[in-house]
Amino acid sequence: MQRFPLWWLGATAALNLLTFFTYALDKSAAQRGTWRTRESHLHLLALLGGWPAAWWAQQWLRHKSRKQDFRAVYWGTVVLNCAALAVWTLRPHTLREVLSFL
């Protein structure tokens, strides 16, 4: 944690809470047959760092846990997020260069 700023820890915690509640709301909507959250939004939350809460919600709420296409993309978001964290930790100047290019 010495390479990650304190704000990052708070932002990650908040993002994971948001992710879990988004999954819970989507599960509730699915049961009621009302408006649903787009799968792309669920994947974006996971990609941005909410993947631990997404995994927990999939297991605990049994939501999106059997849909193989969804799970494959989900695991891709986990890999991409972890790779970005590794770059940030091991080569922080590389991440700054990529972000400045965007």
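Mentor: Let us begin with a definition: a residue is buried with under 20% relative accessible area, exposed with over 50%, and partly exposed in between, using a 1.4 Å probe and protein chains only. By that rule, 29% of the 102 residues of the protein count as buried. This is a predicted model, in which local features need pLDDT of at least 70 and side-chain atom pairs count only at pLDDT 80 or more, while totals for chains, interfaces and linings use all residues. Residues are numbered from 1 along each chain as its sequence is written, and side-chain values use heavy atoms, with hydrogens and water left out.

Trainee: How many helices and strands are there in the protein?

Mentor: The protein has four helices and zero strands, and from the N terminus on its elements run α-α-α-α. Helices (H or I, at least four residues) and strands (E, at least two) are DSSP runs, numbered from the N terminus.

Trainee: Why is α2 called roughly perpendicular to α3?

Mentor: Helix α2, residues 39-60, packs against helix α3, residues 68-90, at an angle of about 100°, and their axes are 9 Å apart. Axes are lines fitted to C-alpha atoms, for helices over the stretch in contact, and angles run from 0 to 180 degrees between N-to-C directions. Angles under 35 degrees count as roughly parallel, over 145 as roughly antiparallel, 65 to 115 as roughly perpendicular and the rest as oblique, and therefore α2 is roughly perpendicular to α3.

Trainee: Which residues of α2 meet α3?

Mentor: Contact means heavy atoms within 4.5 Å, and the residues of α2 that meet α3 include L42, L47, W51 and W55, while those on the α3 side include F70, V73, Y74 and W75. The residues of this contact divide into 14 nonpolar, six polar and two charged, where Ala, Val, Leu, Ile, Met, Phe, Trp, Tyr, Cys and Pro count as nonpolar, Asp, Glu, Lys and Arg as charged, and the others, Gly among them, as polar.

Trainee: What makes K64 count as buried?

Mentor: K64 has a relative accessibility of 14%, so it counts as buried. K64 is placed in the loop between α2 and α3, and its side chain is joined to that of E39 by a polar contact of 2.8 Å. A polar contact is a pair of N or O atoms within 3.5 Å; within protein, one must be able to donate a hydrogen and the other to accept it, and residues adjacent in sequence count only if both atoms are side-chain atoms.

Trainee: What makes the pair of F20 and F21 edge-to-face?

Mentor: Rings of Phe, Tyr and Trp (its six-membered ring) pair if their centres lie within 6.5 Å; planes under 30 degrees apart count as stacked, over 60 as edge-to-face and the rest as tilted. The structure holds six aromatic pairs; in the pair of F20 and F21 the distance is 6.1 Å centre to centre with 80° between the planes, and this pair is edge-to-face. F20, at 11%, is buried, whereas F21, at 51%, counts as exposed.

Trainee: Why is the pair of Y74 and W75 edge-to-face?

Mentor: The ring centres of Y74 and W75 are 5.0 Å apart and their planes lie at 70°, so this pair is edge-to-face. Y74 has a relative accessible area of 0% and is buried, while W75, with 39%, is partly exposed.
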